[in-house]
Amino acid sequence: MESAVPDAVQTFSLDILATVRDAQQQHGLRHGDYQRYRQYCSRRLARLRKSLKLPAGDRRKVHRKPLTPEAIKFDRCLQIPLFEAERLWAYAMQLKSEANTDQRKKFSQFSKLKKAARHANLLETLCAAKADAKTKLEAQAYLAAMQGTLLFELEKWPEAGAHLQGAVDLYTSLAGAAHQLPEDAAVYTAKADELRPQLRYCAYNIGDATAVEDLRAMRLRQIGGDDGASDEIDSLLAQTRSDSRAVCEVVWQGETVLVRPPKLRALVAALEELRLEADKAETDEAQISIQESLIKRAGEGVREAQSEPRLQAWVAHTKLRATIRRNLLLAAGSGRKPTELARLYEAVTQTLADLQQLCQAGDTATQAELAAQLALYRAHKCHQLSRAHFAAKRLPECLALLQRCLRYCKQARDARGALTAEEQEAAEELARKAEGDQYS
């Protein structure tokens with residue numbers, strides 16, 4: 001149980017970053033649910049104020065008692081300004097995501113961030129007066145990061161960069177001081193890495209030509225890591241491309257589609273950036289991660305581009321192609337059962353059927369290519385199902401599926417001009433396997 005101590009020896013301690021990280025991971029931010037995290041912060045503040053007898057008012061009126069250094073009697077008192085800042089920051093991030101459809105919410109977002117920075121400043125003031133040395137440094141780093149976030153959203157790049165750099169330096173110093181506690185050092189290092197993409201984007205806007213390449217390197221290092229951090233870096237990379245162009249264009253069904261609205265230019269830039277990153281990826285794991293990001297962003301883009309039907313079709317086509325690529329990469333991995341592979345190939349064939357509907361019937365070359373690919377991956381599905389039936393000793397079903405596999409292989413091989421050399425070779429190899437399995 002906490003107890004007050006004489007003022008002469010009174011110092012308090014709070015693991016600010018660890019407290020915030022645990023709360024965020026357990027209450028919504030693991031999945032990017034800012035509303036859930038905001039509501040949790042509100043409930044936690046109410047419990048803190050009630051237990052510490054620092055009410056925010058009564059049923060009739062909100063009247064918060066000012067929190068001064070003299071009012072700090074327990075460690076938990078420092079959590080009040082911390083979770084006030086977290087609540088307002090989460091509200092701002094929620095409004096930021098909603099501002100895609102309602103630009104007026106931008107003003108509310110900035111207002112919430114300014115209030116969050118004020119509460120972070122109060123936390124730093126209280127810690128400077130009452131906390132131990134480690135807590136003081138954490139409070140300074142938290143304040144610098146919050147002020148940097150505010151200035152970043154306001155697009156005040158030099159000031160934002162200075163605050164973010166200060167936060168990175170403080171978290172790096174804390175990580176170095178905590179070398180005997182690897183878990184604490186890892187938390188500080190992760191926070192510093194989280195702030196670096198914003199810092200490099202500030203440098204890009206100030207005029208640093210190397211910042212974009214740094215962002216791309218950071219994106220590749222995020223493979224297999226935090227999805228939220230990857231999404232943020234993808235967004236920043238897209239902005240670096242869209243900022244440099246007043247208009248961009250895409251080609252759909254042989255026609256050039258000009259894209260002028262800034263929101264749609266950012267969408268096109270994001271998809272192009274992800275496709276470039278996919279081309280540079282050196283491992284299947286990296287490819288799968290980037291294709292997942294591409295599918296997610298294109299899915300959002302289909303809704304954003306409703307006012308431009310041809311652009312919407314191009315975005316949908318991009319999403320379907322990325323989905324096929326992702327599923328084929330998963331199928332190429334080792335250790336999967338025949339039934340799992342059959343489900344992946346079934347997903348590929350369904351996506352190809354969607355592509356056939358999306359593309360114009362008059363585009364005979366594209367339709368022939370899709371029909372040949374559909375036959376090839378149907379053959380793959382039948383072959384995997386035949387393996388599953390053979391393992392279950394259902395030989396008649398196995399033989400029927402092998403014969404169907406051979407028919408699909410023949411359809412794919414007959415369309416020689418429609419398949420790539422690699423796909424043609426895959427069809428021939430699969431046919432040889434099916435013929436061998438028939439007589440094994």
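## Lining of the largest cavity

Three nonpolar and four charged residues, with no polar ones, make up the lining of the largest cavity in this predicted model. The lining residues are Asp-15, Ala-18, Lys-134, Glu-138, Asp-184, Val-187 and Tyr-188. Helix H5 (133–153) and helix H7 (182–206) each contribute at least two of the lining residues, and H7 provides the largest share, with three.

## Salt bridges

Side chains of opposite charge can pair when their charged atoms come close. The structure contains 17 salt bridges.

Within helix H3 (residues 79–98), Glu-84 and Arg-87 lie three residues apart, about one turn of the helix. Their closest N and O atoms are 3.0 Å apart in a salt bridge. Glu-84 is buried, because its relative accessible area of 3% is under 20%.

In helix H16 (residues 421–438), Arg-432 and Glu-429 are likewise separated by about one helical turn, and the closest N and O atoms of their salt bridge are 2.7 Å apart. Glu-429 is partly exposed, at 35% relative accessibility.

Glu-369 forms a salt bridge with Arg-321, with 3.9 Å between the closest N and O atoms. Glu-369 lies in helix H14 (residues 364–391) and Arg-321 in helix H12 (residues 309–332), so this pair ties together parts 48 residues apart in sequence.

## Annotated coiled-coil region

An unreviewed UniProt entry annotates residues 264–291 as a "coiled-coil region". In the model, this span is 89% helix and 0% strand, and its end C-alpha atoms lie 20 Å apart.

Conventions:
Residues are numbered from 1 along each chain as its sequence is written. This is a predicted model: local features need pLDDT of at least 70, side-chain atom pairs count only at pLDDT 80 or more; totals for chains, interfaces and linings use all residues. Side-chain values use heavy atoms; hydrogens and water are left out. UniProt positions are given in the numbering used here, feature names are shortened, and annotations may be inferred rather than shown by experiment. Helices (H or I, at least four residues) and strands (E, at least two) are DSSP runs, numbered from the N terminus. On a 1 Å grid over the protein atoms alone, a cavity is a set of points where a 1.4 Å probe fits but cannot get out, and a pocket is an open set with protein on both sides within 12 Å along at least five of seven lines; lining residues have an atom within 4 Å of a point. Ala, Val, Leu, Ile, Met, Phe, Trp, Tyr, Cys and Pro count as nonpolar, Asp, Glu, Lys and Arg as charged, and the others, Gly among them, as polar. A salt bridge is a side-chain nitrogen of Lys or Arg within 4 Å of a carboxyl oxygen of Asp or Glu. Buried means under 20% relative accessible area, exposed over 50%, partly exposed in between (1.4 Å probe, protein chains only).
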